[in-house]
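User: Hi! Could we go through this structure together, one question at a time?

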Amino acid sequence: MSRRAVITGLGVVAPTGIGVVEHWENSLSGRPGIGPIASFDAGGSPIRWAGQVPDFDEKAFVDGKLLVQTDRWTWFAFAAAQLALADAALDPSLADPFELSVVTASASGGNAFGQREIQALWSQGSRAVSAYQSIGWFYAASSGQLSIRHQLKGACGVLVADAAGGVDALAEAARLIRRGTGAVVTGGTEAPLSPYALACQASEATVSRDGRYRPFSPDAAGYVPGEGGAILVVEERERALERGAPTVYAEIAGTSSTHDAHHVTDPAPGHRQYARAMREAVARAGLTPADIGVVFADGAGDPVRDRQEAAAIEEVFGPGRVPVTVPKTMTGRLYSGGAALDLAWAALALADGVLPPTVGVEGDVPGLDLVRQARTVDGLSAALVLARGAGGFNSAAVLTKV
Amino acid sequence: MRRAVVTGVGVIAPGGVGREEFWGRIVDGKPAIRRISVFDPSRFRSQIAAEVDFDPAAHGLTPREIRRMDRFVQMAVVCADEAVRDAGLEPEAVDRERMGVSLGSAVGATITLEEEYVVASDGGRDWVVDDRHLRPFLYQALVPSSAATELAVRFGAQGPAAVVSTGCTSGIDSIGRAYRLIQDGEADVVIAGASDAPISPITVACFDAIRATSPDNDEPEQASRPFDAGRKGFVLGEGAAVLVVEELEHARRRGARIYCEVTGYAARANGFHMTGLRPDGYELGEAVKDAMAQARLEPEDLGYISAHGSGTKQNDRHETAAYKRALGEAARGVPISSIKSVVGHSLGAIGSIEMAACALVLQRGVVPPTANLTTPDPECDLDYTPLVAREVSARHALSAGSGFGGFQSAMVFSALGDSRAGGGA
């Protein structure tokens with residue numbers, strides 16, 4: 001029998017809260033975590049609003065020796081992985097370490113760490129550069145640190161596909177499970193709110209200048225960035241059932257990735273490749289579009305991309321035929337953490353039969369059944385999670401109730 | 001099981017742009033290492049690097065492309081052009097929805113990010129930077145998946161695309177991802193490889209800080225000395241390699257020339273330390289054994305090993321132990337070499353450059369030497385092909401990589417007629 005991958009643990013560190021309970025409660029009550037940037041004086045920055053993790057105390061998750069070796073993005077990963085393993089009641093020290101892996105998505109790496117060390121080099125000289133710059137900034141730092149902390153010694157990975165990377169990491173985790181790995185710690189986090197990283201994001205025309213993030217609204221004017229993300233424990237189904245995993249949230253039933261291959265910054269004229277990713281993920285799950293009970297949309301917040309996404313969903317599912325939600329309207333877009341958080345939302349929705357809402361979008365969106373308030377759904381059995389990355393990445397994952 | 005073959009090879013390495021220049025250089029064993037020329041390195045402990053003399057305009061990039069792309073992207077694109085040309089692949093003639101991109105990079109657009117920061121922060125004085133001084137396309141530098149986008153757009157590849165960034169094993173892991181995408185039916189052709197352009201003040205400084213790079217500034221050409229008793233660290237390099245990895249029947253149908261088959265790929269993590277290595281080489285040995293088992297090989301079948309051979313004290317011993325552990329006595333009979341002695345260590349790129357070398361070794365029957373290996377370290381007592389290239393009849397080649405984060409990867413390429421992975425050709 002073929003090996004199947006299920007999600008047995010969720011660890012969330014996001015503007016909606018720390019830990020699955022707080023995150024889910026805040027999500028269902030539609031409480032947004034977006035506010036003025038608090039970590040530095042962003043008064044002169046074109047980006048002054050962001051989704052921020054409230055009351056995050058890194059010392060509760062990372063000891064002092066490691067704190068100085070790692071960036072905030074890795075602190076989020078440490079915290080989310082610890083919470084996810086606890087949620088799964090999975091103790092890696094009881095397993096063969098070669099049966100366990102970690103695959104994370106990263107978009108921008110250790111931003112504040114890198115900025116601080118480049119600043120030290122240029123303002124104080126080469127001897128001021130930290131001995132940990134070589135391991136703190138690079139994109140593989142979080143996967144490496146998680147591998148060491150939790151003794152995850154199977155095939156590990158790091159994928160970069162902008163905001164689509166979280167779905168690609170999940171797909172890679174499912175691939176490893178199919179090929180014999182027992183459990184994979186996967187997902188993604190991001191800490192993109194340090195000054196230089198924000199300045200780099202300001203070169204993207206699609207970042208909101210006014211703090212409002214209203215995907216599918218006629219007046220949509222960009223997205224708000226955010227920090228945090230989610231880590232998921234993915235496990236081979238029989239193994240999870242045999243050890244009595246407390247919650248089997250969902251099965252990873254099908255995934256797909258395509259690329260627009262059109263232009264390095266501008267969206268493709270149509271939605272052909274995006275719709276194909278949706279159809280392939282559904283087909284690989286052995287389902288038809290009618291089986292999908294909710295779509296977690298990418299929600300770019302840019303009029304052109306929003307129209308494309310609405311048209312693609314309408315083409316695949318029929319007009320207004322499937323509830324669509326963009327709960328990241330409560331957090332902002334977390335880059336590689338965003339798709340991972342959407343997967344966590346989808347897993348929770350399947351487990352509880354409730355859809356988290358889209359907030360801040362006023363008026364009807366023609367052709368879309370946009371979920372405005374938490375909605376209970378009878379018989380919810382499959383969810384489609386969509387993620388697009390700057391440059392034309394399209395990724396899709398179908399999660400099904402177990 | 002669907003099988004994956006290599007049908008095109010493109011390389012940019014120190015000492016020469018292009019596959020044939022690269023091959024000539026590594027067979028000659030003539031190190032392409034010199035005092036750093038792209039900035040004044042006087043203030044650093046290690047002042048040498050393996051630099052590429054690379055003019056993107058001479059290789060067909062437009063001024064607009066050159067402005068938009070970081071150096072690592074420029075090199076990836078030029079390499080991909082060469083690989084696609086070499087493969088005789090006409091993108092218009094293939095189903096581009098079945099064509100993917102898998103590009104490795106350890107540090108992405110680090111040169112651009114540092115240069116722009118220095119400008120925007122008034123030479124490192126301001127923490128809160130002034131974004132009005134920044135150049136456009138900086139988001140594409142911040143997030144290196146832009147490099148995969150550049151390749152996807154260039155070739156119209158609408159299949160799965162991503163950058164693989166597992167540090168110094170990125171270049172093996174990116175080809176490994178291509179192999180998996182083809183095996184699992186998610187793509188028929190993958191533009192796969194890796195690129196890194198890390199020769200910048202911050203990168204030099206961060207390796208200085210942990211004394212990982214060689215301080216032999218007076219004799220740059222002799223500074224990269226893998227497996228030699230006098231080795232003092234690795235020499236930073238830059239470069240790229242791109243392979244066209246293709247499903248076997250797809251390649252046959254279009255009459256492609258086939259270099260070799262990808263017959264095994266495995267990765268492990270040492271779970272030990274971000275930079276330190278266990279002396280016993282256990283995890284790397286496990287990766288090697290797994291890759292060999294996938295290729296259905298006995299240790300005696302190996303005709304060549306392209307070593308990680310970075311030239312640090314700990315790596316070369318660790319690696320020697322890993323080969324002995326994985327291959328037993330047969331480890332002593334296999335020609336092994338480290339081309340880092342010639343082209344330096346280009347972080348994530350080098351894994352793909354070494355896989356390109358393996359494809360060429362299998363095609364041409366010559367093993368490139370380990371340069372500067374004049375006084376073997378008694379603890380590195382395998383056949384590391386010192387100084388002079390050797391003719392061999394290699395049918396299977398293994399390459400190993402080891403990197404920060406504790407990642408260790410191994411890959412096997414096999415001459416097609418000898419490959420056993422698919423039950424015979």
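Predicted model: local features only at pLDDT ≥ 70, side-chain atom pairs only at ≥ 80, totals over all residues.

User: What span should helix α4 of chain A have, and how far apart are its end C-alpha atoms?

Analyst: The expected span is 1.5 Å times one less than the number of residues. Helix α4 of chain A has 14 residues (111–124), so it should span 20 Å, and this agrees with the distance between its end C-alpha atoms, 19 Å.

User: How many of the residues of α4(A) are buried?

Analyst: A residue is buried if 20 or more other C-beta atoms, placed from the backbone, lie within 10 Å of its own, exposed if 12 or fewer, and partly exposed in between. Among the buried ones are Phe113(A), Ile118(A) and Trp122(A), and their cover includes α3, α5 and α8 of chain A together with α4 and α8 of chain B. α4(A) is mostly covered, and of its 14 residues the buried ones number eleven.

User: Which element gives the most to the side of chain A that touches chain B?

Analyst: Contact here is C-beta atoms, placed from the backbone, within 7 Å. By that test, 69 residues of chain A are in contact with 73 residues of chain B. Elements giving two or more residues to this side of chain A include α5, β6 and α10 of chain A. The most, seven residues, comes from α4(A).

User: What is the bridge partner of Leu159(A) in β6(B)?

Analyst: Strands pair if DSSP finds at least two bridges between them. β6(A) and β6(B) pair in the antiparallel sense, over two bridges. In β6(B), Leu159(A) is bridged to Val164(B).

User: Which element of domain 1 of chain B gives the most to the side that touches domain 2 of chain B?

Analyst: Chain B is divided into domain 1 (4–253) and domain 2 (263–416), with bounds from an automatic or database domain assignment. In contact are 62 residues of domain 1 of chain B and 59 residues of domain 2 of chain B. With eight residues on that side of domain 1, the element giving the most is α7(B).

Note on methods
Residues numbered from 1 in each chain as written. Chains lettered and ligands numbered in written order. Helix = DSSP H or I, 4+ residues; strand = E, 2+ residues; numbered from the N terminus. Contact = placed C-beta atoms within 7 Å.
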